[in-house]
Amino acid sequence: MDEALTIVIISDSTGETAQTYLKSVTTQFPNLKTKIKRRPDVTTKEEIDEIFESVPEYSVIVPTMADKDLADDICNKAEKRNIEVLAILEEGINTFEKVTGQKAVRQVGLTRALSKDYFRRIEAIEFAIQYDDGKDPKGFLKSDIVLLGVSRTSKTPTTMILATKNYKVSNLPLVPESRLPKEIFEVDPDRIIGLIIDPEKLVNIRQDRSKELGLIGESVYFRKNRIQTELEYAKEVYKDLDCKVIDVTNNTIEQTATQIVEYYKSKFDEEI
């Protein structure tokens, strides 16, 4: 079918959770054309009626409504029109109620309440920006985690992902010609993560980056012997610091972040 599948997210909050979930689902169907419509902050049946007026037959409805009456109203309207419903929140609530014997509070807006956790995340993101790229060595001693690695080993994006998980993370690029700041030797080795990568892959990554920047011709930046020298230097640093080393060659940034969190939790019994 050439027609795009319309996916309508109806939420009493932002609908962002459903959109993220749907991205994971739809990527499994590379030939499927989709059109996502997000309808946030829906709190009445009248609003639901209005939304359904513009829903085509070839659609999937994805409600994330804490209020059971509204969730049921959506399902009933969709059933009358023979439209499929993917009730991810309702199914989750029902499953947890069944397993735990507890009743969900079904309070609207809990996922975006300005909580202590929210402000901790903002603080961690600000920390990551302030102490990115070794800008201020004093940040190493304030960090939950310190990432080390040569250029283009995804230190900064990994730092930012960890920040969204409330970890205060700083990072330091390793360059053979640059002396390590003394503060790095004062950090608990268990808080330091060294990132390593296959030299061939790093050559390709750096070549691609150079092209993006409009740099043409040969450069020591992506020359294989230079990269080998940098990686050997990095390994020596990791050995001297006696820190954890993670190979990011075949990892997505998210996978690297997950490995770091798992390692951190195995070393520190701390609430983040």
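Reader: Which residue in β2 stands opposite V8?
Author: A few ground rules: this is a predicted model, where local features need pLDDT of at least 70, side-chain atom pairs count only at pLDDT 80 or more, and totals for chains, interfaces and linings use all residues. Residues are numbered from 1 along each chain as its sequence is written, and side-chain values use heavy atoms, with hydrogens and water left out. Strands are DSSP runs of E with at least two residues, and helices are runs of H or I with at least four, numbered from the N terminus. In β2, the residue standing opposite V8 is K37.

Reader: How many bridges join strand β1 to β2?
Author: Strands of a sheet pair through backbone hydrogen bonds, either parallel or antiparallel. Here two strands count as paired if DSSP finds at least two bridges between them. Strand β1 covers residues 5-11 and runs parallel to β2; the number of bridges joining them is six.

Reader: Which strands are the edge strands of the open sheet?
Author: The sheet has four strands with parallel pairing, in the order β2-β1-β3-β4. An edge strand pairs on one side only, and that holds for β2 (34-39) and β4 (84-85).

Reader: Is T64 buried or exposed?
Author: T64 lies in strand β3, residues 59-64. Counting heavy atoms within 4.5 Å as contact, and leaving out residues up to four places away in sequence, T64 touches I10, S11, D12, A18, I88 and L89. Buried means under 20% relative accessible area, exposed over 50%, and partly exposed in between, with a 1.4 Å probe and protein chains only. At 12% relative accessibility, T64 counts as buried.

Reader: Which helices hold E200 and K224?
Author: E200 and K224 form a salt bridge, with their closest N and O atoms 2.3 Å apart. The pair links distant parts of the chain, 24 residues apart: E200 is in helix α7 (residues 199-212), and K224 is in helix α8 (residues 224-241).

Reader: Near what value is phi of N166?
Author: N166 is in the loop between α6 (155-163) and β6 (169-173). At 5% relative accessibility, N166 counts as buried. Its phi is positive although the residue is not glycine, and lies near 80°.

Reader: And near what value is phi of D133?
Author: D133 sits in the loop between α5 (116-130) and β5 (145-149). At 44% relative accessibility, D133 is partly exposed. Phi of D133 is also positive in a residue other than glycine, near 60°.

How values were computed
Salt bridge = Lys/Arg side-chain N within 4 Å of Asp/Glu carboxyl O.
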